[in-house]
Amino acid sequence: MKNKKNKNKKDIKNEEKNKNKNENKTENKNENKVNEKELDKKVNNKNLELEVENKKEIETKEENSIDMEENILGEGNENIAVFGPNIKDNNYFFEKAIINFKKNEDNKGERFNIVESKFNYIKNFTVEETLDYTLELLSMNYGDVVENVDSIISKMEIEDLRKLKMKNLSNFALRKVAIANALILKPDYLFVYNDLDLNEEERKLELKLLRKLSKELEFKLIYLTTNKDEILDSEKIVEVK
């Protein structure tokens with residue numbers, strides 16, 4: 001009888017011990033759940049913060065782009081230098097300005113063209129054939145094609161390149177043909193991206209030529225630059241923020 005009683009006491013102790021263990025497990029489990037929830041909450045809050053920051057950054061760039069559009073289309077015929085120290089930001093800014101220019105209803109009657117950073121051309125075409133082809137795509141009659149090509153070749157001072165194949169041209173010669181190819185369509189506005197393959201001297205010659213032609217052909221020049229020293233006092237500066 002005594003043994004049975006002792007046994008019962010032992011069983012009760014074990015039961016209490018197990019109960020305490022289970023309660024501790026439950027508490028730990030609940031605590032872990034709370035910790036997990038808190039962690040999830042922190043992660044979600046962090047993601048939300050990042051999302052808000054990214055949205056603000058995009059909105060700021062959009063606002064800058066709209067400001068730039070207004071600056072470019074402002075009063076006056078002076079050439080415009082779009083300046084910023086970072087090439088990637090400059091290109092993004094410039095691209096948005098061109099898109100905004102296209103969208104603006106007030107510009108429907110304006111002709112514009114773009115000199116890209118890289119010129120897409122047919123390697124086995126000569127310079128003359130390249131310029132001819134641009135006008136032929138517009139179904140222009142042969143006489144006008146010849147007259148316009150001769151005129152732009154003369155103004156660009158590339159007569160010596162006329163019969164050379166595009167694949168044999170230097171980087172600077174290719175750039176001059178790219179500019180000629182854009183100007184042959186007689187734009188009112190010319191947007192010019194940077195050509196990173198040009199050296200410092202070639203860049204100076206390019207800007208000198210573009211400024212000269214903007215007066216002769218009466219177009220508004222809008223060009224990208226990362227060098228404030230190459231901007232003339234007579235030119236309007238739009239800074240990329």
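User: What covers the buried residues of helix 3?

Analyst: The cover of those buried residues includes helix 4 and helix 5 (171–183), where buried means under 20% relative accessible area, exposed means over 50% and partly exposed lies in between, with a 1.4 Å probe and protein chains only. Helices here are DSSP runs of H or I with at least four residues and strands are runs of E with at least two, numbered from the N terminus. This is a predicted model, in which local features need pLDDT of at least 70 and side-chain atom pairs count only at pLDDT 80 or more, while totals for chains, interfaces and linings use all residues. Residues are numbered from 1 along each chain as its sequence is written, and side-chain values use heavy atoms, with hydrogens and water left out.

User: How many residues of helix 3 are buried, and which ones?

Analyst: Seven of the 10 residues in helix 3 are buried, so the helix counts as mostly covered. The buried ones are Val 127, Glu 128, Thr 130, Leu 131, Asp 132, Thr 134 and Leu 135.

User: Which residues are linked with Glu 128 in a network of salt bridges?

Analyst: Glu 128 is joined in that network with Asp 150, Glu 159, Arg 162 and Lys 163. A salt bridge here is a side-chain nitrogen of Lys or Arg within 4 Å of a carboxyl oxygen of Asp or Glu.

User: OK, and how many salt bridges in the whole structure?

Analyst: Searching the whole structure gives 14 salt bridges. One of them is between the side chains of Asp 197 and Lys 118, at 2.4 Å from N to O.

User: Where do Asp 197 and Lys 118 lie?

Analyst: Asp 197 is in the loop between strand 3 (189–192) and helix 6 (200–216), and Lys 118 is in the loop between strand 2 (112–115) and helix 3 (127–136), so the pair ties together parts that are 79 residues apart in sequence. Asp 197 is partly exposed, with a relative accessible area of 38%.

User: What does Lys 155 form a salt bridge with?

Analyst: Its partner is Glu 216, with 3.9 Å between the closest N and O atoms. Lys 155 sits in helix 4 (residues 142–156) and Glu 216 in helix 6, 61 residues apart, and the pair links distant parts of the chain. Lys 155 is partly exposed at 29% relative accessibility, and Glu 216 is partly exposed at 41%.

User: Switching to Glu 239, how far apart are the closest N and O atoms in its salt bridge with Lys 228?

Analyst: In that pair the closest N and O atoms are 2.8 Å apart. Glu 239 belongs to strand 5 (residues 236–239), whereas Lys 228 is in the loop between strand 4 (220–225) and strand 5.

How values were computed:
Contact = heavy atoms within 4.5 Å.
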